[in-house]
Amino acid sequence: MEEQLELNPNSVNGLSESTAALVDDEPVLSSHTLAALKEFLAEQKSLSATVSDAGESEEVALVSEDWRLSQFWYSSETATTVAEEVLTLCNNVDSRVACIACPTLYAYLKKMDPNVSLQLLEFDKRFEQYGSDYTFYDYNHPEELPSEMKHSYKVVVADPPYLSEECLKKVAEAISFLIQPGESFLLLLTGEVQKERAAEILGLHPCGFRPQHASKLGNEFRLFSNYDPGTRLGGLVQDSQICK
């Protein structure tokens with residue numbers, strides 16, 4: 001999902017295997033277990049971010065990240081920047097937008113323009129709260145998407161849950177199914193390590209804008225597009241300009 005990382009082997013799954021010392025018959029967690037517990041609780045806090053609406057600050061409330069599903073929400077700046085680009089692409093016409101595994105973007109788009117036609121494709125069923133805007137999506141089975149969604153979206157934004165060629169290829173199948181023929185727009189948010197694959201599989205080019213996440217993570221992320229955004233999103237970046 002938003003950001004992709006392998007699961008931390010020192011995370012809360014290790015608690016069941018940890019032993020607690022006993023002091024006066026009271027269990028005391030080891031320092032390693034306590035650190036893991038604190039990490040887990042911090043990750044499970046509901047995140048909120050701010051978006052500017054008519055000069056006033058409003059909050060976009062999000063459910064807590066679930067690292068077991070590779071969930072890491074975008075920072076406020078990233079979500080706002082990408083949402084503004086999507087709304088620009090819609091160009092005040094009745095354009096449908098598909099958000100593949102990027103619920104932060106969905107939430108920001110709905111806050112910034114409640115009338116935008118959106119569909120969130122997401123594995124986490126907590127997002128069923130969005131009603132008809134939500135479609136269950138397992139990246140392993142792109143062929144199971146509803147037939148009525150075929151070639152229905154002018155704008156598709158995707159954030160594959162894992163940094164692997166296999167995952168990107170599966171997500172690419174879903175994109176091909178969803179996106180409209182003719183003029184349509186694709187934005188891909190994924191790790192820098194996927195740069196060559198994004199070009200080979202989807203014909204995408206990196207933009208200058210660097211996505212960030214609310215949780216500070218180690219993987220360097222990039223935003224890729226199938227069109228020239230001009231000066232928006234930092235413009236297209238030539239290979240010679242990409243910092244390794």
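1. In this predicted model, strands E6 and E7 run parallel and are joined by three bridges. Within this part of the sheet, glutamate 122 stands opposite phenylalanine 136 of E7. Helix H2, which spans residues 76–90, packs on the sheet and touches E5, E8 and E9, and its direction makes about 165° with that of E9.

2. The sheet to which these strands belong is open and has seven strands, in the order E7-E6-E5-E8-E9-E11-E10, with mixed pairing. Strand E7 (134–136) and strand E10 (205–206) stand at the edges with a single partner strand each, so that one side of each is left without a neighbour in the sheet.

3. Helix H4, residues 165–178, has 14 residues, and the distance from its first C-alpha to its last is 20 Å, close to the 20 Å expected at 1.5 Å a residue. As for its placement, H4 lies across E5, E6, E8 and E9, and runs at about 165° to E8.

4. The buried residues of H4 are Cys167, Leu168, Val171, Ala172, Ala174, Ile175, Phe177 and Leu178. Their packing partners are strand E5 (96–100), strand E6 (117–122), strand E8 (155–158) and strand E9 (185–191), together with helix H5 (195–202).

5. The largest nonpolar core has 30 residues, of which Val86, Cys99 and Leu105 touch the most other members. At least two residues of this core come from each of H2, E5, helix H3 (103–112), E6, E8 and E9, and H2 gives the most, with six residues.

6. Cysteine 102 is in no disulfide, and the nearest cysteine sulfur, which belongs to cysteine 99, is 4.6 Å away.

7. Is cysteine 102 buried or exposed? Cysteine 102 counts as buried because its relative accessibility is 0%, the cut-off for buried being under 20% relative accessible area. Cysteine 207 is likewise buried, with a relative accessible area of 0%.

Definitions and conventions:
Residues numbered from 1 in each chain as written. Predicted model: local features only at pLDDT ≥ 70, side-chain atom pairs only at ≥ 80, totals over all residues. Heavy atoms only, no water. Helix = DSSP H or I, 4+ residues; strand = E, 2+ residues; numbered from the N terminus. Expected span 1.5 Å × (residues − 1). Buried < 20%, exposed > 50% of the residue type's maximum accessible area, 1.4 Å probe, protein only. Contact = heavy atoms within 4.5 Å. Pairing = 2+ DSSP bridges. Axes fitted to C-alpha atoms, helices over the stretch in contact; angles between N-to-C directions. Disulfide = S-S within 2.5 Å. Core = buried A, V, L, I, M, F, W, Y, C linked by side-chain atoms within 4.5 Å.
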